[in-house]
Amino acid sequence: MRRDTPDGSRVRRLIRPPGAIVEARFLEACTRCGECADACPEVSIFKAGAEHGAALEMTPLLDLEERACYLCADVPCASACPSGALRPIEASEIKLGTAVLFPELCLNTLDRACTICVDVCPRPQVAIALPQDADGDPLRDASGALPIPRIDASNCTGCGLCVVHCGSYPKALAVTPEA
Ligand code: SF4
Ligand code: SF4
Ligand code: SF4
């Protein structure tokens, strides 16, 4: 559920589906029925297993290193929840967390000219952006290398598309959940 990051911090990967109420109340409200997972057309929601602990077992989770949330227009996962653990929301309200980028892992640090995360983001050059010069071209360093992308937390939905597609190994991106 957590992985080490280059700076020694830990990133928590437990992310609830869109519309989730605060975790303590979520655990009381969720009946573990699986309706949200069944309603997800992208198979992005999985049910926690025994390895997640008895309190979490069978509750719905997203693993945004494996499967992103596609920000469905009608948010069917949240609408399907019969218990109120997920409240119905608009797609524009989805905020699963915030992407964080570890520059030392980014391929651009190795002069590999990667723009994948910006290209796949539903809000390119808004939620995640390559710094640009006055002409709108990527702001390359003295050696000509592409810059490290920058994330605007206020515009990032935490969808995880950048994480799933990041070409670096280990991945240079992760999503941290909303507090
Ligand atoms: S918004 Fe769509 S892709 Fe995201 S978890 Fe809900 S149903 Fe799945
Ligand atoms: S998590 Fe989604 S919205 Fe945020 S930067 Fe990555 S692709 Fe863009
Ligand atoms: S996809 Fe990954 S390696 Fe490529 S620019 Fe983005 S963070 Fe760097």
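Biologist: Which residues does Cys162 touch, not counting residues up to four places away in sequence?

Modeller: Cys162 touches Ala99, Cys117, Val120, Cys121, Ile128 and Leu173. Two residues are in contact if their C-beta atoms, placed from the backbone, lie within 7 Å. Bear in mind that this is a predicted model, where local features need pLDDT of at least 70, side-chain atom pairs count only at pLDDT 80 or more, and totals for chains, interfaces and linings use all residues. Residues are numbered from 1 along each chain as its sequence is written, while chains are lettered from A and ligands numbered from 1 in the order in which they are written.

Biologist: What makes the largest nonpolar core a core?

Modeller: The term means a set of buried Ala, Val, Leu, Ile, Met, Phe, Trp, Tyr and Cys residues joined through C-beta atoms within 7 Å. Buried means that 20 or more other C-beta atoms lie within 10 Å of a residue's own; 12 or fewer makes it exposed, and in between it is partly exposed. The largest such set here has 35 residues, and Cys162, Val163 and Leu173 have the most contacts inside it. α5 gives the largest share, 4 residues. The core also draws at least three residues from each of domain 1 (17–93) and domain 2 (97–177), with bounds that come from an automatic or database domain assignment.

Biologist: How many helices and strands are there?

Modeller: The protein chain has 5 helices and 8 strands. Both are DSSP runs numbered from the N terminus: helices are H or I with at least four residues, strands are E with at least two.

Biologist: Which residues come nearest to ligand 2?

Modeller: Cys121, Ile128, Cys156, Cys159 and Cys162, out of 15 residues around ligand 2. A residue counts as near if its C-beta atom, placed from the backbone, lies within 6 Å. Around ligand 1 there are 13 residues, with Cys40, Glu42, Cys69, Cys72 and Cys77 coming nearest.

Biologist: How do the two domains sit relative to each other, and how many residues are in contact?

Modeller: Their C-alpha centres lie 27 Å apart, and 6 residues of domain 1 are in contact with 9 residues of domain 2.
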